[in-house]
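Please report on the fold and packing of the protein shown here. Keep it brisk.

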Amino acid sequence: MAGIGKTVYVEKLIHDWAAGSTLSEFDFIFLFSFCKLNMLSERSLSLVQLLQHYYPHMENCEKILISKSVKSLYIFDGLDESIQGLDFENQLACFDENELISLGSLLTNLIRGNLHSSASVWITTRPAAVGQIPLCYIDRLTEIKGFCEQQKKEFFHKKYENRHLAEKMIAIVNKEQSLSPLCDMPIFCCVLSVILEDALESFQYCGLGDYMPVAITSVFTKFLVYVFSHQQQKCEYLTHKKQTIDVLLQSKQKAIISLGKLAFDLLRGQTQTFYEKDLKLYNVDTSLAESGFCKEIVVGNASPSNKAFCFVDRSLQEYFAALYVFLSLNNNKNNPLNTVANSKTLRKHEKSTYSQVCKQAYKEAIKSSCGHFDLFLRFLCGLGTKQNQQMLKGLMTSCEINRDDITKIIQIFKKKLQEDIPPEKCITILQCLSELEDYSLVKETRKFVAAGTVTSRTLMPAEYSALAFVLQMSYGDMETLDLSQHKISSVGLQRLVPVLHLFTSLK
């Protein structure tokens, strides 16, 4: 999987080998990147020339190649990025380290053991390219799964000397279910840490104290941009042509929208698994799906010729689904959420607006008992903010969403909090308000909690929901929730139910 840490793992391993702490059985380790090897794909060269090209100080490497007592390890990083691929059926055998052959032939003969037979070969790749190497030449297969729970914590503690800041970030990741699974990917942790650092500073400046930011749309948007810009950096190395982020996203627009449509249709069908034939049906390139957004999975009834996939996490699927709906509205004035009946009614009056689409998405979320549209709604709200639209300019052909439209949906959501709706849906609404950068209810709640006035007045239903939300997203002691001094109505108690499980005891 892209961003899971394959290249960094290789570099760390070589560092440890040079320090003498691992792989001591090898005298030499030679590292080659397939991305760089692509530059030699049209040339004929020998193994000796390949080594001297990347390691020019090794003028007498022939002695290493013929010595049985010298142990070497060849590491080829990123087979999935090779433009040539490996063809074991049509390559001729070669046993001479000085013979000029194609790069593809050189690599297959090295893997077969025809060249430098005493050496070991290690290849890193995403799962899609593993099939290029016949099983008879594979002695060991290792999967890098990214960070475990303990390593996630270590990442934040190592990156930030301020222990309080690191602990806050860890608490946010643990509380926000949509972030935690994706933090298995080191690349996602890197993006997330930068965003959280800025957000926590701004929240402190605004007087929100230990309340923790929950606007996650910008995290996913920056992750999207980072994945494509990281890929582009590798292309720039080869072509020496630089592209701005806007131009890069513009070139990927159709592919991103196609992947988003697939995600949206899967969401409506309440399924996560799709197949290679679905990628073709939606005109999604397999390489895009495997760029860090999706992963190949094993399904019992899937044939080898029809691989099965799913998004890295359900939250990423809902982000792409929301992005598809948002871009359909912004670029084409279409609303994929419309049923046929709704579309006919709407055409008589006007085109869909952003507030109408958000309102419709809210209805879908309310109807869903399993909550599979809740996160989609949050992302749809977040995509309407100026910050996210600025990052996604390359995908948008129309102007920004009107601020009045955002104000309208904020007012609609606040009215919904006064209605008789499930308490967990109230939390979803408050999360949406955070995505829309409206923290007014949170600020008001923090003020009356700090002043102690909550004990002397009966709160409105919306205020109870805001109190639950503040308790859920606050950093600090979560041992005991003392309600003994509060005037809480039955409706209020019901609104607090979603957060009661966070405390070990109640009073």
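**Overall**

The model is predicted. The protein chain holds 23 helices and 10 strands. Of its 507 residues, 51% count as buried.

**The three-stranded sheet**

Three strands form an open sheet in the order E1-E3-E5, and their pairing is parallel. Strand E1 (28-33) and strand E5 (120-124) are the edges; each has a single partner strand, so one side of each lacks a neighbour in the sheet. On average, neighbouring strands are turned by 15° against each other, direction ignored.

Strand E3 covers residues 72-77 and is joined to E5 by five bridges.

Helix H1 (residues 6-18) touches E1, E3 and E5, and its direction makes about 160° with that of E1. Helix H3 (residues 47-54) touches E1 and E3, with its direction at about 85° to that of E1.

The table sets out the axis geometry of two packed pairs.

| Helix pair | Residues | Axis separation | Angle |
|---|---|---|---|
| H11 and H14 | 253-268 and 314-332 | within 7 Å | roughly 115° |
| H6 and H7 | 149-159 and 163-175 | 8 Å | about 150° |

H11 and H14 cross in a left-handed sense. On the H11 side, the contact residues include Ile256, Ile257, Ala263, Phe264 and Leu267. Among those they meet in H14 are Gln317, Phe320, Ala321, Tyr324 and Leu327. By class, this contact has 13 nonpolar, four polar and three charged residues.

The crossing of H6 and H7 is right-handed. H6 brings Lys153, Phe156 and His157 to the contact, while H7 brings Arg163, Ala166, Glu167, Met169, Ile170 and Val173. These residues divide into five nonpolar, one polar and three charged.

**Nonpolar cores**

The largest nonpolar core has 109 residues. Phe293, Phe320, Phe376 and Phe413 have the most contacts inside this core. Helix H14 gives the most to the core, with 11 residues.

What does phenylalanine 413 touch beyond its neighbours within four places in sequence? Phenylalanine 413 is in contact with Tyr362, Leu377, Cys381, Ile429, Cys432, Leu433 and Leu436.

Another core lies apart from the largest one and has 32 residues. Leu65, Val70, Leu106 and Ala119 are among them.

**Glutamine 317**

Glutamine 317 sits in helix H14. Is this glutamine 317 buried or exposed? Glutamine 317 has a relative accessible area of 0%, so the residue is buried, the cut-off being under 20%.

Which residues does glutamine 317 contact, leaving aside its neighbours within four places in sequence? They are Ala263, Leu266, Leu267, Thr271, Gln272 and Phe311. Of these, Ala263, Leu266 and Leu267 are also listed on the H11 side of the contact with H14.

Cysteine 294 is 23 residues away from glutamine 317 along the chain. The C-alpha atoms of glutamine 317 and cysteine 294 are separated by 8.8 Å.

Key
Residues numbered from 1 in each chain as written. Predicted model: local features only at pLDDT ≥ 70, side-chain atom pairs only at ≥ 80, totals over all residues. Heavy atoms only, no water. Pairing = 2+ DSSP bridges. Helix = DSSP H or I, 4+ residues; strand = E, 2+ residues; numbered from the N terminus. Axes fitted to C-alpha atoms, helices over the stretch in contact; angles between N-to-C directions. Contact = heavy atoms within 4.5 Å. Left-handed = near helix turned anticlockwise from the far one by under 90°. Nonpolar A, V, L, I, M, F, W, Y, C, P; charged D, E, K, R; others polar. Core = buried A, V, L, I, M, F, W, Y, C linked by side-chain atoms within 4.5 Å. Buried < 20%, exposed > 50% of the residue type's maximum accessible area, 1.4 Å probe, protein only.
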